Amino acid sequence: MKDPITVSITGAAGNIGYALLFRIASGSVFGPDQPVNLNLIEIEPALPALQGVVMELDDCAFPLLNEITATADLNEGFKDADWALLVGSVPRKAGMERNDLLGINGKIFTGQGQAIAANAKSSCRTLVVGNPCNTNCLIAMSNAAGLPKNQFFAMTRLDENRAKSQLAAKAGVHSSQVTNLCIWGNHSATQYPDFTNAKIDGKPVTEVITDIDWLKGEFISTVQQRGAAIIKARGASSAASAANAALDTVVSLINPTPEGDWHSVAVCSDGSYGIEAGIMASMPIRTNADGTWEVVQGVPVDEFSQEKIDATIAELVEERDAVKDLIPG
Ligand code: NAI
């Protein structure tokens, strides 16, 4: 049996946490021969609820679940972490401006970035799910002194999965037949699901779906507004599909990407595609056989796409500027 890996998860008593933990503990993410320790991190008032989740994890008697730590202490919570999944954050309330939310959550992510740097393994990879996830991730990364920037990611995989499912439904195929779908930019309503480079059964989407007005209009807005549509229908925000996307992201980052394909995740820009270096922007990513990742270069960006990418990057730059006090020089 391999040595256990340690996965630290914030917001573990929340809705996404509830849909996430059991799948990690079951072995469906890190493999059927990989034991895991779960470090579950919550704020003090949520610790009793977290205890209930721990009882349920115990009651599953998962063969691969080695140890569970439930804590409100960040040092204990990130101790020896191989992966940090930062899910917990404060939801936007009525009357709250986006900048208020950035400020409130930003403070959470400075402390978590510092605690990851001080306690986790130097190889620890961090995936931020809690919104606004790109900028929260930028804050965590900037406060995690000594950890390489290429170990920080923010989640746009739910948007990718949503986009694939919309294209598949329109074309009358299974979503697994849709590949090369890149979400560019921010996980927000400005994100750009790039249909111009996506493929269905290896053919350009624009050859299979000839309704270009739908692609440029309803398709993009449906993906951008899907979160709001789910809240309206369910009376609660997407949790199971968000947890699924977080796990898809981890799986895609630890396994080689199929030849010719890519996956979407926000990474610290190196200036590729003219995206300002240093911001956390979603782009096409490939994971190599040795476990490293790279930005896929040379993906064609036409005039329509460039305009959309510029808009979402402008929003990320604005968000970065709004939290500059939380980013050490
Ligand atoms: P939730 O409100 O059910 O759970 C959040 C949990 O985080 C609560 O248990 C809360 O006590 C905890 N929490 C708050 N501050 C914390 C802190 N400082 N440290 C540790 N835990 C803390 O929310 P849910 O549905 O689980 O969503 C979590 C986050 O994920 C939200 O910010 C949501 O907007 C975001 N999200 C992101 C998506 C993406 O695609 N990137 C998709 C869907 C949701």
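## Close-up views of a predicted model

View 1. Lysine 199 stands opposite proline 204 in β11. Strand β10 (residues 199-200) and β11 are joined by 2 bridges and run antiparallel. Together with β7 they make an open sheet of 3 strands, in the order β7-β10-β11, with antiparallel pairing. The edges are taken by β7 (178-179) and β11 (203-204), each with a single partner strand, so each has one side left without a neighbour in the sheet.

**View 2. Strand β4 pairs with β1 and with β5.** Next, have a look at β4. Strand β1 (residues 5-10) runs parallel to β4, and 4 bridges join them. A handy landmark here is leucine 86, whose bridge partner in β5 is valine 128. Now follow the side chains along β4 (residues 83-86): Trp83 and Leu85 point one way, Ala84 and Leu86 point the other way, and all are buried.

View 3. You will find phenylalanine 78 in the loop between α3 (74-77) and β4. Is this residue buried or exposed? Phenylalanine 78 has a relative accessible area of 0%, so it counts as buried. For a sense of scale, compare its position with that of arginine 286: the two C-alpha atoms are separated by 27 Å, and the residues are 208 apart along the chain.

**View 4. Five aromatic residues form one cluster.** The members are Tyr192, Phe195, Trp214, Phe219 and Phe304. Across the whole structure, a search finds 7 aromatic pairs. In one of them, the ring centres of tyrosine 192 and phenylalanine 304 are 6.2 Å apart and the ring planes stand at 70 degrees; planes over 60 degrees apart count as edge-to-face, so this pair is edge-to-face. The pair links distant parts of the chain, with tyrosine 192 in strand β9 (residues 192-194) and phenylalanine 304 in helix α11 (residues 303-322), 112 residues apart. Tyrosine 192 is buried, at a relative accessible area of 0%, while phenylalanine 304 is partly exposed, at 22%. Tryptophan 214 and phenylalanine 219 give another arrangement: their ring centres are 5.5 Å apart with planes at 35 degrees, so this pair is tilted. Tryptophan 214 is buried, with a relative accessible area of 10%, and phenylalanine 219 is buried too, with a value of 0%.

**View 5. Helix α5 is mostly covered.** How many of the residues of α5 are buried? The count is 11 of its 11 residues. Among them are Cys133, Asn134, Asn136, Cys137 and Met141. Threonine 135 also has its place in this helix (residues 133-143). Threonine 135 has a relative accessible area of 2%, so it is buried. Its side chain makes a polar contact, at 2.5 Å, with the side chain of glutamate 319.

View 6. A backbone N or O atom of glycine 11 lies 3.3 Å from a nitrogen atom of the ligand, and for valine 129 a backbone N or O atom lies 3.3 Å from a nitrogen atom of the ligand. On its own the ligand has 870 Å² of accessible area, and the protein covers 82% of it.

Definitions and conventions
Residues numbered from 1 in each chain as written. Predicted model: local features only at pLDDT ≥ 70, side-chain atom pairs only at ≥ 80, totals over all residues. Heavy atoms only, no water. Phe/Tyr/Trp six-rings, centres within 6.5 Å; stacked < 30°, edge-to-face > 60°. Buried < 20%, exposed > 50% of the residue type's maximum accessible area, 1.4 Å probe, protein only. Polar contact = N/O pair within 3.5 Å; in protein donor to acceptor, adjacent residues only side chain to side chain. Areas by Shrake-Rupley, 256 points an atom, 1.4 Å probe, with all protein chains shown as cover. Pairing = 2+ DSSP bridges.
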